Amino acid sequence: MRRAVRNWHSVVPHLLERARREAVGGVLDERTDALVRRLRARADVAALLAAPEPWDAAAPVIDVRFDVAGTPLTCSPSSHRSARRSM
């Protein structure tokens with residue numbers, strides 16, 4: 001999936017922060033903890049986390065941009081809200 005995410009540099013910090021926020025009692029369950037450790041062990045993720053924060057840590061949600069077989073797609077929380085309203 002990593003190869004398809006076009007804005008990985010923005011997604012990773014938010015993904016890790018969300019895992020931390022959603023941890024029950026501040027403790028990650030075994031599977032989430034293993035996932036977080038694997039992500040943090042990646043060289044690209046370690047470099048992103050070591051750099052000054054260019055991303056908005058306060059933003060509760062972000063768009064995730066994909067490239068699927070050469071087609072750009074965006075998963076946007078605002079697009080989900082407007083899609084639900086039109087149903």
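Start by selecting Ser-76: at 8% relative accessibility it counts as buried (under 20% relative accessible area, with exposed over 50% and partly exposed in between, using a 1.4 Å probe and protein chains only). Ser-76 sits in the loop between strand 2 and helix 4 (77-85). Now show Asp-63 too: its side chain makes a polar contact with the side chain of Ser-76 at 2.9 Å, a polar contact being a pair of N or O atoms within 3.5 Å, where within protein one must be able to donate a hydrogen and the other to accept it, and residues adjacent in sequence count only if both atoms are side-chain atoms.

A word on what you're viewing: this is a predicted model, where local features need pLDDT of at least 70, side-chain atom pairs count only at pLDDT 80 or more, and totals for chains, interfaces and linings use all residues. Residues are numbered from 1 along each chain as its sequence is written, and side-chain values use heavy atoms, leaving out hydrogens and water.

Next, pick residues 64-68 and 71-75: strands 1 and 2 pair in the antiparallel sense over 5 bridges (pairing takes at least two DSSP bridges; strands are DSSP runs of E, at least two residues, and helices of H or I, at least four, numbered from the N terminus). Click Phe-66 and find its bridge partner in strand 2, Leu-73. In this hairpin, with 2 residues between the strands, Ala-69 takes a positive phi near 50°.

Last stop: color helix 1 (residues 8-22) and helix 3 (residues 43-50). Their axes are 10 Å apart and they pack at about 80° (axes are lines fitted to C-alpha atoms, for helices over the stretch in contact, and angles run from 0 to 180 degrees between N-to-C directions).
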